[in-house]
Amino acid sequence: MSKPSATAVPAKLSTTVRVSADQTPLYDELRKLIASSRQRLAGAVNAELTRLYWAVGQRLRAEVLGDVRASYGTQLLDQLGQQLAQEFGRGFESRNLRRMVKFAESFPDAAIVSTLSTKLSWSHMVAIVALKTPQARQYYAQQAGQEGWSVRELHHQIERKAFERIELAALQTLSAAQTEPIETSHTTPALVFKDPYFLDFLGLRQGHDEADLESAILRQLEAFILELGRGFAFVERQKRMVIDGEDFYLDLLFYHRRLCRLVAIELKLGRFKAAHKGQMELYLKWLDKFERQPGEEAPIGLILCAESSREQVELLQMHQDGITVAEYWTELPPKAELEQHLHQALLEARERLARRGVLLDGGRG
């Protein structure tokens, strides 16, 4: 058997390059640099595209509004859509041009658009401009930007009527307070709590008790916090308080980072009762005395009931003691029924405010 020549090429070459232990930190550093640069580049491209779509929408809006013929705008967008799509792709089809016009109509301020473009993608904006009211569009744009919602999470919040529930809770608090409208530019308990809360993800069956409800919440804690809203952090379950030698237990204790205060949550299976207020007041005073840390605001409470008692809640002026009452639903009704329920509740809250002479900005709902 002849020996292989010195110049023979091996049948198979290994292309695997192994990084030695002393090179691993360097590799990790370079990897982070590359990933960070790509992320910034993607963000810059997204921001530029969003600003471009707004500028296109502004120009088309000015052209369409400058002509009194209704059919002119439709024909113009269809013709331009065909031409632009051939040269620049499907993103400029007439359907998307209409979205750009709606975007410019919904957010006419270039400075606001510039800020939004650094936080939200065009897909975010498509979902937001499809909403019916400017208040809803403003709310979801602000929340999505502040909380870093993905497009999927934004759709989830819209489907579950986050704005309507926040608005309802704020109106009910305002109705009870009988004061000037709540300032929406600052985070307040009224703008953090919702009503009702949708706990359908717990999968509870008929006949469950409060312990079942509490256990289910802890099993689905991530989903429960998401329903509560961003900023909540879980602290403790069955918080023990010793008062006059007697043990008391708070169902759930949370902390809200933006409010900088503890949030006590009590779970009640049935209808709200006036006695629930006294129980929560006791818990809040104990937390304020023994658990409140320097720099924190006074603790607040949320009583979650299967059914609220609007008149009792208003008469008790519970907001003055930092207590909010809200319903929880373990099953969601059909979408149309849910919309009707929330719409009716909003109308009733506004009627109560109107009777008290509290002025609200019109056009909502």
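Is Arg160 buried or exposed? Arg160 is buried, at 11% relative accessible area (buried, under 20%; exposed, over 50%; partly exposed, in between; 1.4 Å probe, protein chains only). The model is predicted: local features need pLDDT of at least 70, side-chain atom pairs count only at pLDDT 80 or more, and totals for chains, interfaces and linings use all residues. Residues are numbered from 1 along each chain as its sequence is written, and side-chain values use heavy atoms, without hydrogens and water.

The structure holds 21 salt bridges (a side-chain nitrogen of Lys or Arg within 4 Å of a carboxyl oxygen of Asp or Glu). Arg160 pairs with Asp200 at 2.6 Å, N to O. Asp200 is partly exposed, at 27%. A salt bridge also joins Arg160 to Glu227, at 3.8 Å. Glu227 lies in helix H11 (residues 221–228) and Arg160 in the loop between H7 and H8, so this pair ties together parts 67 residues apart in sequence (helices, H or I, at least four residues, and strands, E, at least two, are DSSP runs numbered from the N terminus). Glu227 is buried, at 5% relative accessibility.

Another salt bridge links Arg258 and Glu147, with the closest N and O atoms 3.0 Å apart. Arg258 sits in the loop between strands E3 (246–256) and E4 (261–271), and Glu147 in helix H6 (residues 134–147), so the pair ties together parts 111 residues apart in sequence. Arg258 is partly exposed, at 40%. Glu147 is buried, at 14%.

Ile34 belongs to helix H1 (residues 24–65). Ile34 is partly exposed, at 48% relative accessibility.
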